[in-house]
Amino acid sequence: MADADQATLPVRNPRSGMVDFQITVATAQQVAQKAAALRANQHGWAEMGLQARIGVMQRFLGEVARRKDAIAEADAADTGGCHTSYLQGFITMGNIGGWVEDAEAALADAAYHGPSRAQPQVDVTTQFVPYPLVSVIGPWNAPMMLVLLDAIPALFAGCAVLIKPSEVTPRWVEPLFDAVAEVPELAGVFDFVQGDGSTGQAMIEESDLVCFTGSVPTGRQIAVQCAQRLIPCYLELGGKDPLIITDTADLERAATAALRGAVHANGMVCFSVERIYVQRGLHDAFVERLIEKAGEVRLNSDDPRAGHLHPFTFAPQAQIVMKQIDDAKAKGATVHTGGEVLEINGGLYMRPTILTDVTHDMAIMREETFGPCLPIMAFDTLEEGIELANDTDFGLTANVIAGSNEEALAIGERINAGSVFMQDTFLTFAKNRTVGSNAFGVSGVGGGARTGPEAILRYVRRKALLTQNGAVADIRDDHHLGAPD
């Protein structure tokens, strides 16, 4: 129960600009109490075995399906009506259902049962031991999807999970945990707290493993706290993702893919296209066609389910984006479309913003933007284009559009990014259930894949159980061991 004098935080509605929700900040004591309860239940959750956990999660899947519309509406209220929000019920069902199908095989593929290759008389068996308590600290963009991307495989692995949604986007938790409450076995090992950075710090103090998605500065603080406790942490810290377009590329394909990759979800996606490099032979035609296409993009200010761009979810982000645009203009960039924050009925919007004459001396080409901006820079040789793409501290994803798949692949292999999307942008969902990847630079810390079947291995420690079937070694003969004849 919250104390009468316990701190609360107001939550702004991104469409109206009004405060229409509030959360109660969990104290360190309340976090510790929830963590203790989850730990107490985790042993039984792990001991029931994977098949039994799969059965529980199938029931959870059914409860989510019954609430998919409520989940979608809550996520959309949090984000301001992002198109992806209205799919969150289905995305969550796909996440759970995918692990129902994949978890057993993923763990089996990583296990070994048989004789040692080094000493055949020794039998080796793999045991997977889940981390008892995993904490997931979520971001304000794609808030439900990114929290559950970590939480769901951890639950299948046998962990207990405590989550904290961003204090900017906390509404989605209620309908999701209405579904959790209907599955008692799951409710015992899956819980949430609300709060701010202090709540996250308290969670880390109670955890065995931490997952965080968010900014580099906050990620650094979390990494230090986890290092002090000597516990693992997995951090996804955003990107400054490039798109290389060669002069052999199909113009229509390139312009269509660039626009969607940069402004989908208002550009507030970690793998949004944030830097565009176009070979000089196609540059002018590309800019002209992109301007035409950008003019056809509509805001969803009249109807959250219509239009293409929703408001800034986090109001201060609008000013961060404007600061980058103003910096670029002051240093010689040309703004062709957009370039200003529009306040409509209290919401903060920006139309697709196309900039040319940009350089790497500008913040808009160096710092994460998280807004619907398309800064375009010409290059001459492919070597130059690749060098520009790799000139960054980030390395989450990248994109290449060329005249052929073979040409694109040859470029993609040389870009320093965890995933490279070729002949399109925004292909990250194709990785799910298929393959994992590791980010470069500051975009990802902690190792281990976040996508693909092997993602479940993040949440377990592998034990090797070795049984000697032959004679035991005698200390008196040790000097003969390994000696050549």
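**Salt bridges and a helix, explained**

By the rule used here, this predicted model has a count of 23 salt bridges.

Q: What makes R171 and D78 a salt bridge?
A: A salt bridge needs a side-chain nitrogen of Lys or Arg within 4 Å of a carboxyl oxygen of Asp or Glu. In R171 and D78, the closest N and O atoms are 3.0 Å apart, so the pair meets that cut-off.

Q: Why can the pair R171 and D78 be said to tie parts together?
A: R171 lies in the loop between β6 (160-164) and α6 (173-181), while D78 belongs to helix α3 (residues 68-79), so the pair joins parts that are 93 residues apart in sequence.

Q: What makes E292 and R289 a salt bridge, and where do they sit?
A: Their side chains meet at 2.8 Å, N to O, and the cut-off is 4 Å, so the name applies. Both belong to helix α11 (residues 280-294), where being three residues apart separates them by about one helical turn. Here is the general idea: an α-helix has 3.6 residues a turn, so residues three or four places apart point the same way.

Q: Why is E292 called partly exposed?
A: The term covers values between the limits of 20% for buried and 50% for exposed. E292 has a relative accessible area of 40%, so it is partly exposed. R289, at 21%, is partly exposed too.

Q: How do you know that E383 and R414 form a salt bridge?
A: The closest N and O atoms of E383 and R414 are 2.9 Å apart, and the rule asks for a distance within 4 Å, so they qualify. This pair links distant parts of the chain, 31 residues apart: E383 is in helix α13 (residues 382-389), and R414 is in the loop between α14 (405-412) and β18 (419-422). E383 counts as partly exposed at 47% relative accessibility, and R414 is partly exposed at 42%.

Q: Which residues are linked in a network of salt bridges?
A: The network links D150, E236, R450 and R458.

Q: How do you know that the span of helix α9 agrees with its number of residues?
A: Helix α9 (residues 216-229) has 14 residues, which at 1.5 Å a residue should span 20 Å; the end C-alpha atoms are 20 Å apart, so the two values agree.

Q: Which residues of α9 are buried, and what do they pack against?
A: The buried ones are V216, G219, I222, Q225 and C226. They pack against β5 (133-137), α8 (197-206), β8 (209-213) and β9 (233-236). After α9 comes L230, with a positive phi near 55°.

How values were computed. Residues are numbered from 1 along each chain as its sequence is written. This is a predicted model: local features need pLDDT of at least 70, side-chain atom pairs count only at pLDDT 80 or more; totals for chains, interfaces and linings use all residues. Side-chain values use heavy atoms; hydrogens and water are left out. Helices (H or I, at least four residues) and strands (E, at least two) are DSSP runs, numbered from the N terminus. The expected span of a helix is 1.5 Å times one less than its number of residues. Buried means under 20% relative accessible area, exposed over 50%, partly exposed in between (1.4 Å probe, protein chains only). Contact means heavy atoms within 4.5 Å.
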